Amino acid sequence: MTGSLFDDLDPTGSGASGPHEEAPPGRARRPRGRSPLAVRMRPRSLDEIVGQQHLLRPGSPLRVLAGEDRGPAGPSSIILWGPPGTGKTTLAHVIARGVSRKFVELSAITAGVKDVRRVMDEALTDRDLHGRTTVLFLDEIHRFTKAQQDALLPGVENQWVVLVAATTENPSFSVISPLLSRSLLLTLQPLQRADIAGLLERAVADPRGLDGKVELSAEAREHLLDLCGGDARKALTSLEAAAGVAFSELDREPGPEPDREPADGGAAVPVITREHAEEALDRAAVRYDKNGDQHYDVVSAFIKSIRGSDVDAAMHYLARMLEAGEDPRFIARRLIISASEDIGTADPTALQTAVAAADAVQLIGMPEGRIPLAQAVAHLATAPKSNAAYTALNEAVADVRAGRAGPVPLHLRDAHYPGAGQLGHGRDYVYSHDEPNGVAAQQYPPDELVGTDYYRPVDRGRERQIAQQLEVLRGIVRGR
């Protein structure tokens, strides 16, 4: 089967569709489609959009931009930020239906500075000569370089165009500050399960969609909802694929099944079962951008779960990163940092495990490399925690930066060059190995730091024992 399952409607929205295949007696007709289901079901007005109700209140910038409400200051340029499948492109196409609007769409993947400047010149002409507003939809603006984004500034600043930009990455990292300050940032939220469930039901019944030519079982619907990851586009694409499986199975059957044939003798209507959905979609969508905001959010949650000793949550985030194709070497490096920052000497073997896991990933690669990574995560998450060494270094660095870095005591200075003895270097130094306990009572820090305690072991794990040893050591060294 080629193409989409069902015909797209004509541009006038009259409901007419293209030619249909002749179906055998007792079989549903299967129209040959021209565009994907997700495209055919794209809303035609803001009222048809599912979710994002926080952005669609009366008088909101989106309604003003779509021409449904009149704002005192006119339409504003906007940046739509949200995960895939939440309606960014859909909102842009709804806005394009506004009266007296010229809609221009550019993709950051293919457009260059020359294309942007051409649009700006044409928009200025349309505004001054024809009184027409140009709406420029720029998809994936995070892919634009700084120079390309700079080319947008004159048009946005002087309102030659109304910019509608879409991005899946945090604009704070990917959009230049001058463009951010001249636009409204609107954050789209992931769609709720109920929103997508309603969208699937509408797609099954709507003439623009599957037109009631299939039925969607409750089990299949739940499976699609489980695996679409809140992505409306993926949900509709998966529904279309599952419908294709159902039709293919119907074609292979020798004749209509009695329980599928309507009482009036019409065509049999195939039912999309969970098995059809599983055949069409066997892996959940993982929302994760290795170079963007989700990358940092997930790895942050991963490290904080290890620090919080929640081994189950840590395993979840590890699986999430691996399934999304994150570089396992990056994960291993984060584990090494965590082993020292959050565990330290409370369990000195944690760092050994983390380094061994990193070496193992280098040696054996993926997918088997996930196993030592999981072992390291389990070790680190369940280990006693201490950031005492990390905190000690931070406090010492703060003192150095504040100027508390006095001269090295004379008896500790290098005495291995001619003339050092005349300067007093090394004089009265006590060699620790000559002392009964291997510990010498003498001053080691600069004068202004005598008696300063940076390292304060916690009462957990190995550091409980270290704390007792440290009290004895400091007593000897400081002559107490």
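**Note on helix packing and the parallel sheet**

1. Residues V311, A314, M315, L318 and L322 of helix α14 (311-323) are in contact, meaning heavy atoms within 4.5 Å, with R370, L373, A374, V377, A378, A381 and T382 of helix α17 (370-382). Helices (H or I, at least four residues) and strands (E, at least two) are DSSP runs numbered from the N terminus. The model is a predicted one, in which local features need pLDDT of at least 70 and side-chain atom pairs count only at pLDDT 80 or more, whereas totals for chains, interfaces and linings use all residues. Residues are numbered from 1 along each chain as its sequence is written, and side-chain values use heavy atoms, with hydrogens and water left out.

2. The axes of α14 and α17 come within 9 Å and cross at roughly 150 degrees, where axes are lines fitted to C-alpha atoms, for helices over the stretch in contact, and angles run from 0 to 180 degrees between N-to-C directions. The two helices α14 and α17 are therefore roughly antiparallel to each other (angles under 35 degrees count as roughly parallel, over 145 as roughly antiparallel, 65 to 115 as roughly perpendicular and the rest as oblique). The crossing of α14 past α17 is right-handed, a term used if the near helix is turned clockwise from the far one by less than a right angle, anticlockwise being left-handed.

3. In the loop between α16 (349-364) and α17 sits P367, and the peptide bond that joins M366 to P367 is cis, with omega about 10 degrees.

4. The sheet is open and has 5 strands in the order β2-β3-β4-β1-β5, with parallel pairing; two strands are taken to pair if DSSP finds at least two bridges between them. Its edge strands are β2 and β5 (184-187), each of which pairs on one side only, and the twist averages 20 degrees from one strand to the next.

5. Strand β3 (residues 133-139) has 5 of its 7 residues buried, so β3 is largely enclosed by the rest of the structure. The pairing of β3 with strand β2 (residues 101-107) is parallel over 7 bridges; among the bridge partners are K102 with T134 and L106 with L138. The pairing of β3 with strand β4 (residues 161-167) is also parallel, over 5 bridges, and here V135 stands opposite V162 of β4.

6. From β2 the chain passes through helix α4 (residues 113-130) to β3 in a right-handed β-α-β crossover, that is, with the strands pointing away from the viewer, the path from the first strand over the helix to the second runs clockwise. Helix α4 lies across β2, β3 and β4 and runs at about 175 degrees to β2. Helix α3 (residues 88-95) also packs on the sheet, where α3 touches β1 (78-81), β2, β3 and β4, and its direction makes about 165 degrees with that of β3.

7. The relative accessible area of E140 is 21%, and E140 is partly exposed.

8. Is E463 buried or exposed? This residue of helix α19 (residues 462-477) is buried, with a relative accessible area of 0%. Not counting residues up to four places away in sequence, E463 touches T345, A346, S386, A388, Y455, P457 and V458. The C-alpha atoms of E463 and P348 are separated by 9.5 Å, while the two residues are 115 apart along the chain.

9. For the protein chain overall, there are 19 helices and 7 strands, and buried residues make up 44% of the 480 residues. Among contacts between residues at least 6 apart in sequence, 74% join residues at least 24 apart.

Notes:
Buried < 20%, exposed > 50% of the residue type's maximum accessible area, 1.4 Å probe, protein only.
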